[in-house]
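This report considers a strand pairing and a set of charged side-chain contacts. The sequence and the structure are shown first.

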Amino acid sequence: ASMSTAQLGYRRLDTEMYVDIFHGKCKSLNGNKYAAIYATPYHWASVHPIAERREVHETLTPLYTNVGVPRLMIPDDAQELTAGEFKKKVQKAQCVIHPIEAHTPNANAAEANTRELRRQFRRTMLATDTPVCLWDLCLVYISLIRRHTALNIRGLEGEVPETMLTGDTPDISFLAQFTWY
C-alpha cells in the first residue's frame, strides 16, 4: 500500500476516537450552530465549533495538527461523518472509519464522556450567567478543563486524559491563570 506524504507530518495516536456533532441552541457570536466533539473512552475530549454540519471535515486538520491522527475514527451513522470530504480526509491520513450501528448510541463508548462534558457545560453557563450566544466558546473551554483534570476513572491510572492520549505532561498554566467569563 502506498503511503500518503500528507499524513507523515502528523503524530500517530494508538487509540480509537469517537466523533459526534453537537447542535447548539442558537447561532453563536462567532456564527456557529454546531460543534464536532472528538472523544476517547478515557474521557479526553476536543470540541471544534462549526457553522454548518457539512463543515465537519474542516475540523480534522486542526485535530491532526494539534493532537494527532487516531488509529480508528468511530462516528455515529450521520452522513457527514461517514461519507464525502470527512471520509476522504480520514482515509488520506491512513485512519480507519468504523461507524457504530445505527440507532445504538449505547455502543458509543465515549457517550459518557460527552454526557459529562455537556453536564459541566450547562452548569458553567448557568453559574456564570453566560449569554447563550457564547455557548461554543464555553464548550471548548470545558473540554480543555476536563482533559487536563485528574478524573476518578479506572482506565486513567492516576493520569489526566491529555497525558493518556499524547504521552506528554500537559501545561495547564493557561487554564489556571484565567477562569470562564
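Predicted model: local features only at pLDDT ≥ 70, side-chain atom pairs only at ≥ 80, totals over all residues.

K33 counts as partly exposed, because its relative accessibility of 31% falls between the cut-offs of under 20% for buried and over 50% for exposed.

**Salt bridges**

Side chains of opposite charge can pair when their charged atoms come close. The structure holds eight salt bridges, and three of them are listed below with the separation of nitrogen and oxygen.

| Salt bridge | N to O distance |
|---|---|
| D14 and R71 | 3.0 Å |
| E52 and K33 | 3.5 Å |
| R119 and E116 | 2.6 Å |

The salt bridge of D14 with R71 has its closest N and O atoms 3.0 Å apart. Because D14 belongs to strand β1 (residues 12–23) and R71 to strand β4 (residues 69–75), this pair ties together parts that are 57 residues apart in sequence. D14 is exposed, with a relative accessible area of 68%, whereas R71 is partly exposed at 41% relative accessibility. Both residues also take part in a network of salt bridges that links D14, E16 and R71.

K33 meets E52 in a salt bridge, at 3.5 Å from N to O. Here E52 is located in the loop between β3 and α1 (60–66) and K33 in the loop between β1 and β2, so the contact ties together parts 19 residues apart in sequence. E52 is partly exposed, its relative accessible area being 27%.

The side chains of R119 and E116 form a salt bridge at 2.6 Å, N to O. Both residues lie in helix α4 (residues 111–127), with a spacing of three residues, about one turn of the helix. R119 is partly exposed at 31% relative accessibility, and E116 is partly exposed with a relative accessible area of 27%.

**Strands β2 and β3**

Strand β2 (residues 34–39) pairs with β3 in the antiparallel sense, over six bridges. Within this pairing, Y34 stands opposite I50 in β3. The hairpin of β2 and β3 has five residues between the strands, and in this hairpin H43 adopts a positive phi near 70°.

Why is strand β3 described as largely enclosed by the rest of the structure? Five of the six residues of β3 (residues 45–50) are buried, and the strand is therefore largely enclosed by the rest of the structure.

Note on methods
Residues numbered from 1 in each chain as written. Heavy atoms only, no water. Buried < 20%, exposed > 50% of the residue type's maximum accessible area, 1.4 Å probe, protein only. Helix = DSSP H or I, 4+ residues; strand = E, 2+ residues; numbered from the N terminus. Pairing = 2+ DSSP bridges. Salt bridge = Lys/Arg side-chain N within 4 Å of Asp/Glu carboxyl O.
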